[in-house]
Amino acid sequence: MAAPETSTAAVPTLHTNNTVRNAFGGVLSFFILLLIGVLAFSIRLFSVIKYESVIHEFDPYFNYRVTQFLTKKGIYDFWNWFDDRTWYPLGRVIGGTVYPGLTLTAGTIWWLLNSLNIPLSVETVCVFTAPIFSAFASWATYLLTKEVKGAGAGLTAAVLLAMVPSYISRSVAGSYDNEAVAIFALIFTFYLYIKTLNTGSLFYATLNSIAYFYMVCSWGGYTFIINLIPMHVLLCIVTGRYSSRLYIAYAPLVVLGTLLAALVPVVGFNAVMTSEHFASFLVFIIIHVVAFVYYIKGILSPKMFKVAVTLVVSVGLAVCCAVIAVLIALVASSPTKGWSGRSLSLLDPTYASKYIPIIASVSEHQPPTWPSYFMDINVLAFLVPAGIIACFLPLTDASSFVVLYIATSVYFSGVMVRLMLVLAPAACITSGIALSEAFDALTGSIKFQLPGVSTDAEVDAGETSSDTTEAQNDEVKAEKPEETSKDRRSKKSKKKEREHVERPSAKAKVKTKAEKKRLLALPLEASAVSLLLLIVLGAFYVVHCVWAAAEAYSAPSIVLTSRSRDGLHVFDDFREAYSWLRHNTDVDDKVASWWDYGYQTTAMANRTVIVDNNTWNNTHIATVGTAMSSPEKAAWEIFHSLDVKYVLVVFGGLVGYPSDDINKFLWMVRIGGGVFPHIKEPDYLRDGQYRIDSQATPTMLNCLMYKLSYYRFVETDGKAYDKVRRTEIGKKYFKLTHFEEVFTTHHWMVRIYKLKAPKNRIRGKTKKSKSKTSSSSSSKTSGTKKKNPWH
Amino acid sequence: MEAPIRAREILGFTLLSLLFFVCRSSPSHNLLISNAERRIDLSSHIVKVYLTLKVENAGSTPTSEILLAFPPTQVDHLATVEALVTKGKRKKTTIVHLDVKPTELPDAPNETKYFTIYLANPLNSGESTTLEVLYLFTHSLEPFPAEIGQSESQLVFYRDSALILSPYHIKQQTTFLKAPSTKVESFTRVEPTNRAGTEMKYGPYEDRPSYSFSPILIHFENNSPFPVVEELVREVEISHWGNLQVTEQYTLVHGGARHKGVFSRVDYQSRPSLNGVSSLRYLLARLPPRVHSVYYRDEIGNISSSHLRTDSRKSELEIEPRYPLFGGWKATFLIGYGLPLQDFLFESSDDRRYLNFTFGCPLLDTVVDKLTVKVVLPEGSKDPSAVVPFPVEQHFETKYSYLDVVGRTVVVMEKKNLVPVHNSHFQVYYTFKPMFMLAEPLMLTTAFFLFFVACVAYLHIDLSIPSMSPRNLPKFRLKYHSPPEIPQITPRHTATFVCRRLPPSVLTLHHPTAGGGCHLISHLTIGPPPCCIMLSLLLLSNSHSLEILVEHLFVAPSP
């Protein structure tokens with residue numbers, strides 16, 4: 001259509017200066033990235049420095065235990081691992097129910113180090129996996145933002161992500177949880193998607209599918225990707241941005257990605273059978289229809305095309321209706337409409353609290369409060385809107401993706417505190433864009449307004465400095481085609497070539513550019529002040545992040561410290577109890593506790609537990625909840641039927657540790673009552689208030705949890721003053737007939753009781769009849785029958 | 001109720017065997033013991049026996065071997081036997097240690113086990129000498145009752161013989177037993193027997209024939225905790241960069257009366273003098289001076305209850321297990337520390353190096369059932385050999401540590417039933433060339449160097465297949481007019497150029513300068529030859545034509 005014209009270029013000799021500057025910029029950004037990686041890693045080491053190199057909290061202990069198994073027994077045993085140490089007597093198929101990404105990653109790192117004869121322990125590798133992957137995540141953020149808005153925005157976003165408190169909270173050293181690697185996988189998948197979208201390269205599309213596979217391996221949050229990308233594709237199609245690049249970015253991802261996802265045992269056929277994935281298939285169909293229409297449009301004349309459209313639309317609508325009706329019928333036939341409980345609670349925030357107390361009982365599944373936004377993303381919350389505006393100037397495929405990402409993640413973070421983690425990268429990317437654009441505009445104006453700087457020099461500088469200017473952005477764009485085709489020439493020669501191209505056009509541009517700049521320029525004072533304010537804002541962010549990393553999110557929660565006048569006081573009761581269980585009970589003894597402590601008990605005490613943090617069997621958890629909320633004898637019977645030998649309760653009343661079992665007790669009642677209706681929540685509440693003092697209900701004062709927590713508590717201070725509830729307890733002197741105290745830790749935080757042998761039952765019955773409470777015995781016996789599914 | 005019955009059975013059995021001993025005719029030894037005094041210290045769970053023997057050679061031939069006899073039940077618990085002779089008079093006394101070796105005698109009555117003391121100078125006929133013998137028993141105090149509650153005190157049995165078992169005729173002998181407290185429940189009387197406070201005196205007994213045996217049983221209170229290390233693995237790693245890293249893995253158990261029933265923290269904390277008196281609350285480890293980087297942890301992390309006190313002569317590490325150990329309770333933990341190498345590594349005269357380190361367990365007053373000492377020599381060391389003052393099992397292993405290629409030789413020494421007396425020094429000799437110290441730094445340097453070389457090479461070597469067109473045409477100016485069917489180039493229009501003269505190689509687009517302006521060329525793809533270039537254009541406003549500069553990058557322009 002257009003004939004190429006050749007023009008010879010005179011190559012000016014004075015541009016070596018520019019080459020050096022470009023090379024310098026490249027090296028500089030490389031080192032900045034390196035430092036960002038170091039920053040991301042080292043800001044997460046506060047927990048190791050302040051406490052010790054230890055696995056944190058609850059879930060990480062399970063992951064750690066799985067990793068230990070993996071490194072000891074190998075990959076095949078890992079896939080086939082049936083764990084009989086948990087969910088007694090059901091057991092759990094670990095290989096098929098766990099997202100293996102994290103454990104395989106840490107296992108691979110460990111194996112690699114050990115094959116290089118670097119004898120790091122599995123624990124050390126596990127502790128430091130999260131910080132390492134945070135460094136990777138910030139580099140992935142750089143790549144993603146660079147694809148969207150250029151290298152300057154990329155670097156800014158990477159710095160922001162390296163220390164965003166929300167992400168730090170999940171990835172401090174020792175926080176060995178799925179999210180640690182999943183956030184990296186998430187960002188990297190998005191980067192590859194954008195990269196494919198920008199280049200239309202099938203190579204990146206394939207990489208994208210593999211990154212998606214890694215994400216599926218790592219975290220259940222992969223459904224976010226497989227819903228967000230189709231949404232974006234749909235958005236592009238609707239706004240008339242369909243292109244072959246979009247097709248290449250999307251179609252391989254769905255096909256390859258779904259196939260790969262189905263390889264992960266925990267996902268398996270869910271990848272094609274649950275509603276979470278249906279959106280992607282629908283969009284997959286739509287994009288093919290659209291591609292087909294574009295193709296037809298190309299080969300038919302406009303008139304014929306119109307005829308074809310009416311024909312196809314009428315037939316197609318009928319077929320679609322039929323298909324959709326069938327699909328809806330299929331989906332509606334399943335009780336949860338094909339959606340898993342957690343996903344449903346995402347769509348309907350009130351779902352969980354209404355139907356699934358076990359999901360609602362986890363604090364991280366609660367909706368966040370406003371302060372938690374400020375705590376977790378801090379000043380980014382204010383920068384995000386600016387970033388969104390910057391994304392619209394101009395709106396490209398990539399920037400529209402960022403806008404969509406931030407919009408959806410804001411919604412999801414509003415549903416669950418935990419998903420604040422998904423919001424954090426989006427907030428960092430948009431804020432990075434906003435900051436970088438703002439700096440760009442402000443420094444540009446200052447440069448322009450400064451007297452003594454010639455226009456020529458200004459433009460020259462604008463093109464080469466700080467790689468955030470428009471010219472540089474275009475250059476970045478222009479560079480892409482080079483990369484797509486397989487010419488592998490050295491970076492240096494590329495740069496040199498680019499200089500040569502730049503010259504003639506630059507001369508032509510000088511005028512227009514200068515004019516444009518003049519129009520956009522702000523007054524010198526205003527830009528200087530705003531620059532200063534932006535720096536202050538950044539400083540505030542850094543200070544807050546360091547504080548959050550050092551103070552708020554570094555506690556490993558298995559060892560607590562408190563600062564008092566006479567120095568640091570360490571509460572190491574959890575490990576004291578687990579260590580006692582590990583060494584002084586029989587290896588096959590079963591330990592019952594509330595499910596929070598299940599993972600820790602299996603990992604640290606190596607004892608069989610009844611329920612653990614993987615809350616897959618609601619009935620089983622309800623059985624334990626029922627036992628805890630029943631009177632002693634009924635509880636003994638439930639525990640005895642489960643072959644339990646020890647009961648572990650966490651009690652914070654002596655030292656004031658607030659997250660103990662008495663504070664969690666209402667959830668036990670609720671979950672237990674959800675399955676066994678004879679446990680009724682109002683029985684434990686006095687006028688709707690939960691209390692353990694003398695006003696408490698008799699049911700409350702006679703339930704097992706109360707008794708095990710406060711057994712002989714009165715003898716510590718004579719008054720039985722509970723420091724957590726800030727009150728004296730209701731029933732101070734009582735004896736245990738079916739349980740005996742076998743171990744209590746130094747600060748009373750963990751108390752372990754042993755079930756007395758069955759022969760004591762008769763004696764217990766005669767004594768018990770006296771202390772029968774309001775709950776009728778007939779309902780109790782009927783409840784007991786239902787309570788013991790293994791009788 | 002079972003335990004006393006069993007005890008009685010054993011007693012009966014020993015009495016029977018005693019009869020057997022007594023009836024036997026004495027062996028044809030020339031030696032006789034003119035005076036024997038035995039002091040048995042029962043204050044801790046390690047039973048210390050000091051035996052003073054005055055040996056007389058009544059025969060005609062000089063002899064240098066003196067036999068000590070032990071009943072088989074005691075031999076299993078015998079940790080060590082030492083013998084010494086004091087020489088000289090008054091102030092100029094010197095102590096000479098004598099060799100003691102286990103001996104098998106063919107006609108040992110009733111499985112009696114023997115140890116032979118080798119005198120430095122043979123004892124001539126008619127001469128006499130005084131020997132000091134010290135031997136220690138472990139696991140010899142049997143708790144009775146075997147299980148006690150938290151508030152009860154610990155009572156134990158000790159069994160022995162009132163008469164010293166000996167293959168020789170003993171003219172006169174006395175035995176003193178020292179209990180830790182005055183609370184002695186009962187003791188067997190073999191007249192003359194006296195008790196004064198904590199001490200019981202058996203004897204003096206005159207002219208007892210060889211192999212005399214008279215079992216006694218003492219039941220007394222011993223509230224000291226019985227710390228028993230079931231297994232201890234000490235790993236000593238030598239680094240010629242100046243550090244000696246010691247790692248000790250303990251499996252500790254309280255060997256006293258088993259804990260029974262409840263453990264009540266409230267009783268334990270409020271009445272410590274009455275509750276859990278025999279519980280093991282803390283341990284003291286005596287470490288070498290100038291110790292650094294001490295850690296104390298177990299498999300689930302750091303244990304925060306420990307104190308380190310250092311002075312110029314010794315370091316003391318006071319450690320508390322995570323929980324107080326009652327009878328039968330176990331705990332495992334790990335102690336690690338670093339030491340300056342120059343305090344322990346020396347060069348011997350034959351140009352070899354040797355490590356001089358203590359063998360036993362640094363915890364005070366503990367019994368170690370099984371000890372494994374591993375000395376990890378630096379990589380590249382040769383001809384290792386260990387010198388230990390007592391018999392141990394030895395073998396070699398190979399260990400791979402940081403960046404090792406050939407592995408480090410590990411000298412492994414194993415010994416059972418150790419007491420603090422075994423804390424003597426041992427030596428491991430080996431040869432080592434200092435060049436090997438540089439192996440790992442050099443390896444790392446080489447690896448990084450090669451990595452950088454590879455990077456440089458990758459950036460500088462062009463591996464692409466050269467294009468067929470050597471055209472020296474670096475740039476094309478493309479003039480694009482809107483096609484006839486479309487009146488204007490609308491925003492986001494795809495323009496297609498067909499360039500027949502262009503090779504399908506890399507193209508770079510430059511900023512187009514058409515009026516109105518192409519804001520951004522968001523994408524460019526190159527079709528198959530004849531080369532199509534498809535451009536997606538994003539225009540700020542509609543225009544009829546625009547000019548795009550395309551550069552053919554492959555051919556480098558020559559200025």
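Predicted model: local features only at pLDDT ≥ 70, side-chain atom pairs only at ≥ 80, totals over all residues.
A few of the pairs are worth a look one by one. In chain A, the side chains of A:Lys664 and A:Asp596 come together in a salt bridge, with 2.6 Å from N to O. A:Lys664 sits in helix H32 (residues 661-675), while A:Asp596 belongs to the loop between strand S6 (590-592) and helix H29 (598-605), so this pair ties together parts of the chain that are 68 residues apart in sequence. Both A:Lys664 and A:Asp596 are buried.

Helix H32 turns up again with A:Arg670, which lies in that helix, whereas A:Glu681 is in the loop between H32 and strand S9 (685-686). Their side chains meet in a salt bridge at 3.1 Å, N to O, and the parts tied together here are 11 residues apart in sequence. A:Glu681 is partly exposed, at 24% relative accessible area; A:Arg670 is partly exposed too, at 29%.

Over in chain B, B:Asp160 and B:Arg38 form a salt bridge of 3.6 Å, N to O. B:Asp160 is part of strand S10 (residues 155-161) and B:Arg38 part of strand S1 (residues 31-41), so parts 122 residues apart in sequence are tied together. B:Asp160 and B:Arg38 are both buried.

Back in chain A, the surface carries a nonpolar patch with about 740 Å² of accessible area together. Its members include A:Leu311, A:Val315, A:Val323 and A:Leu330. A:Val315 is found in helix H16 (residues 302-333).

Notes:
Residues numbered from 1 in each chain as written. Chains lettered and ligands numbered in written order. Heavy atoms only, no water. Patch = residues over 30% accessible without salt bridge, like charges linked within 9 Å, V, L, I, M, F, W, Y side chains within 5 Å. Areas by Shrake-Rupley, 256 points an atom, 1.4 Å probe, with all protein chains shown as cover. Salt bridge = Lys/Arg side-chain N within 4 Å of Asp/Glu carboxyl O. Helix = DSSP H or I, 4+ residues; strand = E, 2+ residues; numbered from the N terminus. Buried < 20%, exposed > 50% of the residue type's maximum accessible area, 1.4 Å probe, protein only.
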